[in-house]
Amino acid sequence: MEESNMQEAPQSEETVLITEQELSEFEATPSAIGFPMPDDAPDPGTCIRVERPESGLAVVTFDSPHRSFPIFDAPLLRDLDTVLTELENDVTLKGIVFTGRHPGQFLAGADVEAIQEITDPLLVEQAVIAVHALFDRVERLKPRTVAAVGGPVPGGAFEFSMACDRILLVDDKSSRIGLPETMLGILPGWGGSHRLPRRIGIPGALDCILTGRMLPAKPAKKRGLVDRLVHAEDLARVASDIAMGRKNCRRFSRGIWKWLIDRNPLATSVIRSKALAGVDSKANGKYPAPYAALDLVLSAPGAVRSTWAAREAKAIGTLATGRVCKSLVGIFFASEAAKKLGKRADGSEPARPEHATVVGAGVMGAGIASSLALARVNVRLGDLSSKALATAISSHRKEVEKRRRRKRLQPHAANAAIDHLVGVEGLLGMARSEIAIEAVAEVLHVKASVFGELAEQLADDAILATNTSSLSVTAIAKDLPHPERVVGMHFFNPVKAMPLVEVVRGEETSDETITRTCALAIALGKTPVVTRDVPGFLVNRILGPYLDEAVRLFVGGADVERVDSLMLNFGMPMGPFVLLDEVGFDIAQHAAASLHAGYGDRMEPCPGLSGMGDDRRLGRKTGKGFYDHPKPGDRKGKRTVAQDLANFQTESWASSLPDAEITDRLVYAMVGEAARCLEEKVVKDESTLDLASVFGTGFAPFRGGLWSHAQRIGLEAVCARMAELHSREDVHARGGGADRFDPAPVAARMTE
Amino acid sequence: MIAPSAPSIVIAAGLRSPWIKAGGQFRGEDAGHLGAAVTRELLARTGVRGEQLDEVITGSVGPPHDQANLSRVVALRAGIPQEVPARTVARNCASGIEAVTQAVTEIRAGNGSLYMCLGVEVMSAYPLIMGRKLTGFFERMMKARSLLARLSTLASFRPSMLAPRVALLEGLRDPISNLLMGQTAEVLVRDFGLTREDCDTYATESHHRARLSRDRGRFEREILPMAPLSRKPIMDLVRHDDGIRDDQTVEALMRMRPYFEKPDGVVTIGNSCGITDGACALLITTEEKASELGLQPLARIRSYAWAGLDPSRMGLGPVFSSKLALEQAGCTLEDMDVIEINEAFAAQVLACKQAFASDKFAREHLGQDEAMGEIDSVKLNPNGGAVALGHPVGATGGRLLLTAAHELAAGDHNLALATLCIGGGQGGAVVLERINGSAA
């Protein structure tokens, strides 16, 4: 599941890869380090401080004046070169400590913006080899070197630490250490692909590098990523003591396992096939980085020392300049930008609500309430049905219990998470809530009356957020007091897994309301996208034509499994028919009808779905849809395609369509609608649309999102193909729904 | 008597969990969670903010061993800010009332004006305890250094050491008179010449009244439907006391065997209170503060009193304590419109009833010539009592006050007496008074 990888990447690197600095033009010739030097580079010698608190000890502090969070950029590497020369020539030294400005900040790894810009593999290789040379010099330093780190220690910062003799990590909640490079489509290229497997063994290193997970302090110590944990207050003292030999600190060692596993060809071949299967299931051949990393790590223990730099440089040169890396970095930047939505214009952040109300204990309401409770917000979940409340509470507790069992929650935190969700029959005692999110029936007057009742209890500035997917936020807000605090907060099902939240701005919604709602979405670990109040907002509006085209293909005689596997192969997380089964036919039809009402003929749904059956055939929740689904609780059962589908396929024109045509019909139906969304400014810009398409529809992340995909193909070619599809006989014959292949909106984007 | 200047203290609001038979739907509960659930809801419904409280006082007889100050756990889990202190109090079966009377004392002393008072008891969680013998064995094993010493200590192990002590049973035995609580009721049966039929008839009536009150929704105003902690998914909220037997008949009760004194005793499981889990929270404040908070109080606390007596006749506690409380309130037994006497045992309530009405008892034990008066059965436990609902020891006191306070409005009454007997030989009583304009 690529999109799940993508979810984790931005989260784990929240404050990691600082990108606020506008990277200026490259210099014509690369500097000696191989990295471009920015125009605003500070004077030589200012990025690293060397202090000598006692004789024989040097404390080296990374402190780039031009960065709020220093990274390994050209000025820093330039200064590191100078400092290393100084240290190498000082024979009086016994110990050296490398550390950050303060215990919660070390270095934020490599310069991601530079990665996005760079296009020449040779240039990349050159830069990588130059940094390798620097890190090798750190490793060869005679005095004992100690990396005293804390806060986020991603990628390059961790690779640097591994070149030191010992690694000390601050034992604090904010500490995170790991190698997240594969999340961005590259791999650890500054020695990490070699030093980590040598340090903690191949299985551990593969787990770190392939998942890209950033580990908190205790697991990092347990797995040997670091040698010792220390309280923030003691970091400097203990690091000095260890560097000077006054305190013992054993370097992590795997002992005999090193020989039994890492250097045992039999063991490594077993690991290779296992890991390869794991990578295949996630990357499906679409992402080159994990495969390259796998090869590097598996052969690392036997690789000759002098070949490390070349091996890594070669791999990363291809990856960093490749399409996938650019796509992933693009999405990464878009999601970083989305995080800024949670801040006011003056940079201040709204306080996280302490009390919240969720109304409606159905699947969505229960999911939203559960995420709030897990984010330590006191939630009152209101519903008239006590059975629905009991089910919602039970499923929340099951989730808490699962996290407790997996040690993601300690027992006391699990208790708190349980305490944070309270079921309420009706709307009693909601007065303290700073935000109320409703997820009741999609009927305007029901939603309006819920909000009306809440408005009487809640403070005037409490946010009233609707999780509607088909009603207009403006219409819901119309008769409420203080309509400026009414907003759409569209979560996707299942709430705990889907990373996107559409924050819908009604006509009267205030900026403060938008900011507070986005901040809450971020606090829940979601990525907010602000959309205009148009039918279907962004994601459902794009998905509507896609799913409808799929149903039309089905009615036209296309094989369900073939279409699904084509789209899976295209890079969608699941095929359209599996998706329809998951969503439920009733919900899909309701959404389609509201799109039709909103946009007219273009969105006219094919009646195929309604002909498929009654209330007992609505997709997975009823056990039958396009597929037969195993009963709930049956873990071994597999989904199989339903046998009676031929009964509903009234035509046969689609049965012999070539693969490319099927894919194009589905994708271009989305592209056409996306162009209209951009034209109408439903979202701010193209990168936001890309982000929403990846996080909301699961659109192939390696393609960089829907619009990036269209742009890469070339809008001209897209238009041509759409015109071709538009003129197809069946498209003409269908009446409504033909105009979704009208190339005009896409053509209009070309002139922008 | 209360000084005229003393503030008028009220029960501003209250809520309780359903009373659930131990080992039933609350078997996965823990006291901290159960207490916090009612507290949080009471705050939400009254709109009182945690930081406005002066203290959280929780009564509990057997707090869990891992929640040494149960009250503090309850307060913090309920989201009350850490600045608000909390204490756990105990007076055996009256712990729930003790929490309230301590708050009253604090308010009278001028130390505060708003208290969250709880009674919490999860009897399902009462542990089996390893005996002294086994503890001693482990101690010796720890101390044994040499191999030989260890082996010889190991050899001293006897299977009998594994016999656990049942906290529930031992808690219900009075260590001074060495009588189980049920045995003290048998003493009263002999003292007052009660019969098995008297007791079973009374018990049947208790179930009958409780059923009627439940069916007409009388308890809805005091019970908070709960989503109990449980390993299995819960299907619905728990909203009713589950000890009430709808089809209870005297004949069925008569068939049960005496539990405490065989073969001639009259106290059976059927005419005793059940072992029960539950929690109750009351907001105790002054009348002035209540109106400041915009609350319509349930009842005024007119007076309260505690009294001591013979531990082997502890069941008569209500008689002794009620005399004192009524004197303080300046009322007579006859003035009381509602009388809640906790039904530890049907026999014990009947004995109290006789003692209240007996001139002889008054002369011998109460130092007065005339009896306090007859109790009209209609006034006594109009909604049934612990025989039907159950008796979560530490929480019962809170329920008596809550039920009596609601009954004032529900039955359009003026004065209520809530009283109970206390293991170890005590009685507690509180006189409640309706406030004009109390919520109906």
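Two residues count as in contact here if their C-beta atoms, placed from the backbone, lie within 7 Å. Keep that in mind as we walk through this model, which is a predicted one.

Let's start with helix α7 of chain A, which covers residues 202-211. Seven of its 10 residues are buried, so this helix is largely enclosed by the rest of the structure. If you want to find the buried ones, look for A:Ile202, A:Ala205, A:Leu206, A:Cys208, A:Ile209, A:Leu210 and A:Thr211. And what covers them? The cover includes the strand β7 (176-178) along with the helices α6 (192-200), α10 (257-262), α11 (265-283) and α12 (288-299), which belong to chain A.

Next, let's look at a pair of helices, α15 (residues 363-374) and α16 of chain A. Two packed helices are described by the angle between their axes and the distance between the axes. For α15(A) and α16(A), the axes come within 9 Å and cross at roughly 45°. The two helices are therefore oblique to each other, and their crossing is right-handed. From α15(A), the contact uses A:Gly365, A:Ala366, A:Ala369, A:Ser370 and A:Ala373, while α16(A) brings A:Ala392, A:Ser395, A:His396 and A:Glu399. Sort the residues of this contact by class and you get four nonpolar, four polar and one charged.

Helix α16(A) turns up again where the chains meet. There, 16 residues of chain A are in contact with 15 residues of chain B. On the chain A side, β10 (378-383), α16 (386-405), α17 (411-419) and β11 (421-425) each supply at least two residues. Which element gives the most to this side? That would be α16(A), with six residues. By class, the side of chain A that touches chain B has six nonpolar residues, six polar and four charged.

Note on methods: Residues numbered from 1 in each chain as written. Chains lettered and ligands numbered in written order. Predicted model: local features only at pLDDT ≥ 70, side-chain atom pairs only at ≥ 80, totals over all residues. Helix = DSSP H or I, 4+ residues; strand = E, 2+ residues; numbered from the N terminus. Nonpolar A, V, L, I, M, F, W, Y, C, P; charged D, E, K, R; others polar. Axes fitted to C-alpha atoms, helices over the stretch in contact; angles between N-to-C directions. Parallel < 35°, antiparallel > 145°, perpendicular 65-115°, else oblique. Left-handed = near helix turned anticlockwise from the far one by under 90°. Buried ≥ 20, exposed ≤ 12 C-beta atoms within 10 Å, placed from the backbone.
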